[in-house]
Amino acid sequence: LQCLVAPALLALQECPSMVLLTAAAPVLSGARAKAEAWIQEHAECSREVQVPPEVAAILSPRLRMLAAQHQVDLEMRGSAVAVHGPEVCVAGVQAELKELIEQHAITEVSVALVEPELSLVELHARAIRASHLGPKGGSQSKGGSQPGISIDVRRSEGLVVLRGTRKPIAAAQGEVAALLEEARSCAHREELSVVQMERLLRPASRAAGAEPFYRKLQESHHAVLHLDRVGRTLTLFGLPAAVQSVQQALASALDVCEERRQVALATIPIIIGRAGANIKRLQQESGASFDIDRNAGHVRVYGSKAAVAAAVAALDALLVEHGGSSELPVKAKQVPLIIGRGGATIRQLESDSGATITVSKDDGVVRVRGSKRAVDKATELLQQLLSGGGANGAKGANGTKDAHGANGQNGANGTKD
């Protein structure tokens, strides 16, 4: 104070307590103003600073050092620090206490986002924490200098909640903002077919509870695959390298196609073949898969685009070659005429025409299957047989021609049955 009021002279009086200043008149008024200001700044006062529980443990060991440094009395009282001393000193320690509290107090910041932004932050949450904040729930970041944070994605609320101390929270906010800005610049959207949508939603493996295939792609490529099931669209959202990587993976994963055909019920046995020979051949040669509804005549072909194209072409060729059919109603008494003794006549008809002929005794229908030429030939032979002209020379079981009239059938011994 003496230095402050110089060149005035200062003396202290204890009773009553006062400061005595002696100086020339022009100097005295200025010295008095300075002395009064100093006394006001150093008047005794008391303050309380509220301290969060997580900061109290950090602050308690530092109180003695802070008290000595600022020439004040500091005492921890419950959730507050009591400060007593000259006002100017109390103000200084208050500022330092608030800085310490801001540095170590836990706070929450909420960021409103939408899909697929929420999913992208969730994918990168671990990396964001690890980059400078430490693992979720941990107390130290790398180097152990600052407390860590947690990142909570609340989809139902459309929020990402960052929880931690001030500086790491600010850094995490900046990193999230930069991540989303870069992702928005390279977002990619495309339409999907039904079978492509099914492929992405299908479990990634046969294990119980396996995650959908698209989620596996998300995790392995660190890019969001956002599916709109109603509009059948796929949005890719992430950093440029991640989007490019998942696009390359999708090029093969979405090389899937599906064709559906409605075929005559009579052609189903032809497509399947004896003991499944035809359908197995079609699948092996094309690489596609077949689903056949025998009752409705629906054929579903699925697989890669090239495999489905090859399978459909082979199916069409098979139906052209063997897919002809015809039904011929007959009377019950004509059934033995068509079959012949021991099936000789029907076998000869099949041999001469190249078609397959079946006779239903219950409903009186002869069904002919095969290529169009074979079906036409067999139908012609049957009509000749039933009209009494013979099966165009169809041979009987004894190797001679069977002559059939309207009255009956000549058997193997040449006599009427």
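The model is predicted, and local features need pLDDT of at least 70, side-chain atom pairs count only at pLDDT 80 or more, and totals for chains, interfaces and linings use all residues. Residues are numbered from 1 along each chain as its sequence is written, and side-chain values use heavy atoms, with hydrogens and water left out.

A cis peptide bond joins Ala-6 to Pro-7, with omega near 15°. Pro-7 is located in the loop that runs between α1 (2–5) and β1 (9–14). The bond from Glu-115 to Pro-116 is also cis, and its omega is near 5°. Here the proline, Pro-116, is placed in the loop between β6 (107–112) and α6 (117–132).

Positive phi values occur at two residues described here, Gln-71 and His-222. Gln-71, a residue other than glycine, has phi near 55°. The loop between α4 (63–70) and β4 (73–77) contains Gln-71. Because its relative accessibility is 62%, Gln-71 counts as exposed; exposed means over 50% relative accessible area, buried under 20% and partly exposed in between, with a 1.4 Å probe and protein chains only. For His-222, likewise not a glycine, phi is near 60°. His-222 belongs to the loop between α9 (213–221) and β10 (224–228). With a relative accessible area of 32%, His-222 is partly exposed.

Terms used
Helix = DSSP H or I, 4+ residues; strand = E, 2+ residues; numbered from the N terminus.
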